[in-house]
Amino acid sequence: STQSTWERVKLLQQGGNGAKSVVSTIQVAFRQEGALGLWKGNGINLARVATNRALLFMCQDQYKQGIMSVIGESKRPTWVSFVSGSLAGVTANLVSYPLDLARTQMSGCIGKTSSNKFRIVLERNYSSNGIKGLYRGFSLCLGGAIVYEGTKFMMYDYISDHLKGLNISHGLRSFTAGWVAGSIAHFITYPNDTLRRRIMIAQQNGVRMNWLVCMKQMIAKEGWTSLFAGLQAQMIRAPLAAGLQFFVYESLIRWLRQQKQPLTSGFRMPAVQLSLV
C-alpha cells in the first residue's frame with residue numbers, strides 16, 4: 001500500500017496515459033481523480049501480491065529441494081536457483097494472472113471509466129473470449145516470469161552467499177541481496193513488462209495485438225525509449241519491495257526454526273517404504 005503510488009505512476013506511463021516525468025504523472029492523476037486516485041486498484045493489487053508471493057516462495061523452495069535431490073549434489077549449483085525460480089514464477093503467475101490483468105486495466109487509465117470496478121473488468125474480459133480472455137498476453141508474461149524470477153532468485157543466492165563472509169546481520173544480508181537481485185532482474189525484463197501492460201490496456205478498448213505488433217507500433221510512434229516508460233518509478237519501488245520480501249521471508253523462516261516448530265513449505269508426500277517378498 002505504501003508503494004501503490006509508484007506502481008500507479010509506472011502503469012500510467014507504460015500504458016501511454018501518463019506524463020513523461022514521475023512528478024507530472026502524479027499531478028495529472030491527482031487533478032483528475034484526487035488523492036485516492038493514487039491508490040486506484042490497490043485492493044486488487046494486495047490480493048494479487050499476497051497470492052503470487054506466497055506461491056512463489058513456497059514453490060521455489062519445493063522446486064529447489066526437488067532438483068537437488070535429483071542431481072544428488074551437496075553443493076548447490078548456480079543454475080539450480082535460476083531453474084527453481086523460473087518454475088516458481090510460472091506457477092505463481094498462472095494462478096494470479098487474472099488479478100494482474102484486472103489491476104493493470106483499472107490502474108492503467110485516468111478518469112472515471114468502466115474499468116473502475118473489479119467485477120466489471122473480469123466480466124468484460126471473460127465475455128470477450130471466455131477463460132482465454134482472462135489470460136490475454138499470458139505468453140508474454142510467461143517469458144518474462146521465467147527470466148525475471150529465475151534471475152532474481154539466482155542473483156539473490158549468489159549475492160547472499162558472498163555476503164556471508166562479511167560481519168553483517170542476517171536480516172541486512174537478506175535485504176541487501178534481495179534489493180540488488182531485484183534491481184538487476186527488473187532492469188533486464190522491463191521492456192517485456194511494458195509490452196505486457198500495453199497489450200492489457202489495449203484489450204479493454206477492444207484492441208487485440210500480439211507483442212511483436214505492439215512493439216513495432218510503440219517504437220514507430222513513441223521511439224524505443226517508450227519500452228522503458230515508467231522505469232524511474234519502477235526502480236524506486238520494485239528493488240525495495242524485493243529486498244523487503246526476502247528480508248521478511250528469511251526472518252520468518254529463522255523465527256519458526258527458533259520456535260522449534262515443524263516448518264513445512266507446501267505439501268510433502270509422506271515417505272513410503274516398499275519391500276519385495
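In this predicted model, helix H1 (residues 4-14) packs against helix H10 (residues 231-258). The angle between the two is about 150 degrees, and their axes lie 8 Å apart. The crossing of H1 and H10 is left-handed. On the H1 side, the contact is made by Trp6, Glu7, Val9 and Lys10. H10 contributes Ala233, Gln234, Ile236 and Arg237. By class, the contact of H1 with H10 has four nonpolar residues, three charged residues and one polar residue.

Aromatic rings were examined next. A pair of aromatic rings is described by the distance of the centres and the angle of the planes. A search of the whole structure finds eleven aromatic pairs. One of the pairs is formed by Phe187 and Phe228. Their ring centres are 6.2 Å apart, with 35 degrees between the planes, and the pair is tilted. Phe187 lies in helix H8 (residues 170-204), while Phe228 sits in the loop between helix H9 (211-222) and H10. The pair therefore ties together parts that are 41 residues apart in sequence.

Phe228 also pairs with Trp224. This second pair is edge-to-face, at 6.3 Å centre to centre and 85 degrees between the planes. Accessibility was computed for each of these residues. Trp224 is exposed, with a relative accessible area of 57%. Phe187 is partly exposed at 48%. Phe228, at 25% relative accessibility, counts as partly exposed, because the buried class requires a value under 20%.

Ring pairs also build a cluster, which links Phe57, Phe153, Tyr156, Phe246 and Tyr249.

Terms used: Residues numbered from 1 in each chain as written. Predicted model: local features only at pLDDT ≥ 70, side-chain atom pairs only at ≥ 80, totals over all residues. Heavy atoms only, no water. Axes fitted to C-alpha atoms, helices over the stretch in contact; angles between N-to-C directions. Helix = DSSP H or I, 4+ residues; strand = E, 2+ residues; numbered from the N terminus. Left-handed = near helix turned anticlockwise from the far one by under 90°. Contact = heavy atoms within 4.5 Å. Nonpolar A, V, L, I, M, F, W, Y, C, P; charged D, E, K, R; others polar. Phe/Tyr/Trp six-rings, centres within 6.5 Å; stacked < 30°, edge-to-face > 60°. Buried < 20%, exposed > 50% of the residue type's maximum accessible area, 1.4 Å probe, protein only.
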